[in-house]
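Here's a short tour of a protein model, written for someone just getting started. Have a look at the picture, then read on.

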Amino acid sequence: MIHLNGKSLALERREALAQRVTAQLALAGRPPGLSVILVGDDPASATYVRSKERAAAKVGIDGQVIRLAESVSQDEVLATLRGLAEDPSVDGILVQLPLPHHLDEQAVLDAVPAHKDVDGFHAFNTGLLFQQRPPFVPCTPLGITHILDAYEIDVQGKNALVIGRSQIVGRPMAELLLQRHATVTIAHSRTRDLETLLGQADVVVAAVGRPEMIVASQLKPGCILIDVGINRVDGKLVGDIRWEGLEAVAAAATPVPGGVGPMTIAMLLENSVLAWQRHCNLP
Ligand code: NAD
């Protein structure tokens, strides 16, 4: 079984990106700017934001984290977003999810202007993605397509099963696999017979968030496994797919950690640099 090493691939891409930023800095007259809004003090979100901040600095992106109190009002969040939308030194804006329950997540995401929407969650960018006119593609599914490309995995004509139908992972992932001519099935919480679907799938993308819910005995021999799930169990990170026993069944799999996660961050940086290039009319 090939271990699809997202960590080393992400490092390569970040190094290439850093070189691109250095090469174009003089022409742009300013570095790429990325603003991240973090609301509240969820420890997992704080950790993700710190990783994004560190990674941005390493490639020469001017990263700024705006920390807002858990009790912040909807109006205050929207006012903060308006300020960032108008700030010409800010190329990309990211709102770290999830938001506290009293905030309207969709309204907040809608307030990120489409041309600064480096997460690709804005309705305009979602629409363009489904019209096959790549705008900002959501980072996790985009990272997965680069993992497939790096390992020369062609999904054309294959049965691809995406488990999970969220706006940020499952749905855009299914669309990208469809664009690559896979025969795509989306499974979700109300799917009746996941077992049968797993047994037929040549490619499985698991994006549920249930620790090790999929095991080797359910899988089709020779399958490709992409594990998006990040679950903390007894202080350890595990995916949605149990790693034990996979070697004998799967052709390739992404580990957790070290698979999809690092590529998601690399794609956020790439989207931010793309926004900068567009805003500064760089080639
Ligand atoms: P979500 O909670 O929005 O969606 C989960 C999906 O799983 C839902 O569509 C639901 O219908 C489906 N589901 C629930 N129970 C199911 C079941 N028994 N069978 C089949 N489907 C079921 O989550 P999300 O934001 O899409 O994230 C999914 C997982 O991926 C989480 O663990 C999250 O932490 C992780 N994640 C990882 C990265 C990364 O970079 N590695 C990025 C985003 C999310």
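Helix H1 (residues 6-28) packs against helix H6 (residues 139-150) at an angle of about 100 degrees, and their axes are 11 Å apart. Keep in mind that this is a predicted model. Angles from 65 to 115 degrees count as roughly perpendicular, so H1 and H6 are roughly perpendicular to each other. Who does the touching? On the H1 side it's Gly 6, Leu 9 and Arg 13, and on the H6 side it's His 146, Ile 147 and Ala 150. Sorted by type, the residues of this contact are three nonpolar, two polar and one charged.

Now bring in Glu 270, which sits in helix H9 (residues 260-279). Leaving out residues up to four places away in sequence, Glu 270 touches Arg 13, Leu 17 and His 146. Arg 13 and His 146 also belong to the contact of H1 with H6. Is Glu 270 buried or exposed? Its relative accessible area is 13%, and buried means under 20%, so Glu 270 counts as buried.

Zooming out, the domain assignment gives the protein chain a domain 1 (28-113) and a domain 2 (139-261). The C-alpha centres of these two domains lie 29 Å apart.

Most residues other than glycine have a negative phi, and most peptide bonds are trans.

| Spot | Backbone value | Loop |
|---|---|---|
| Leu 97 to Pro 98 | cis, omega about 0 degrees | Pro 98: between S4 (92-95) and H4 (105-110) |
| Val 256 to Pro 257 | cis, omega near 0 degrees | Pro 257: between S11 (252-253) and H9 |
| Glu 212 | positive phi, about 50 degrees | between S7 (203-206) and S8 (224-227) |

Note on methods
Residues are numbered from 1 along each chain as its sequence is written. This is a predicted model: local features need pLDDT of at least 70, side-chain atom pairs count only at pLDDT 80 or more; totals for chains, interfaces and linings use all residues. Side-chain values use heavy atoms; hydrogens and water are left out. Axes are lines fitted to C-alpha atoms, for helices over the stretch in contact, and angles run from 0 to 180 degrees between N-to-C directions. Helices (H or I, at least four residues) and strands (E, at least two) are DSSP runs, numbered from the N terminus. Angles under 35 degrees count as roughly parallel, over 145 as roughly antiparallel, 65 to 115 as roughly perpendicular and the rest as oblique. Contact means heavy atoms within 4.5 Å. Ala, Val, Leu, Ile, Met, Phe, Trp, Tyr, Cys and Pro count as nonpolar, Asp, Glu, Lys and Arg as charged, and the others, Gly among them, as polar. Domain bounds come from an automatic or database domain assignment. Buried means under 20% relative accessible area, exposed over 50%, partly exposed in between (1.4 Å probe, protein chains only).
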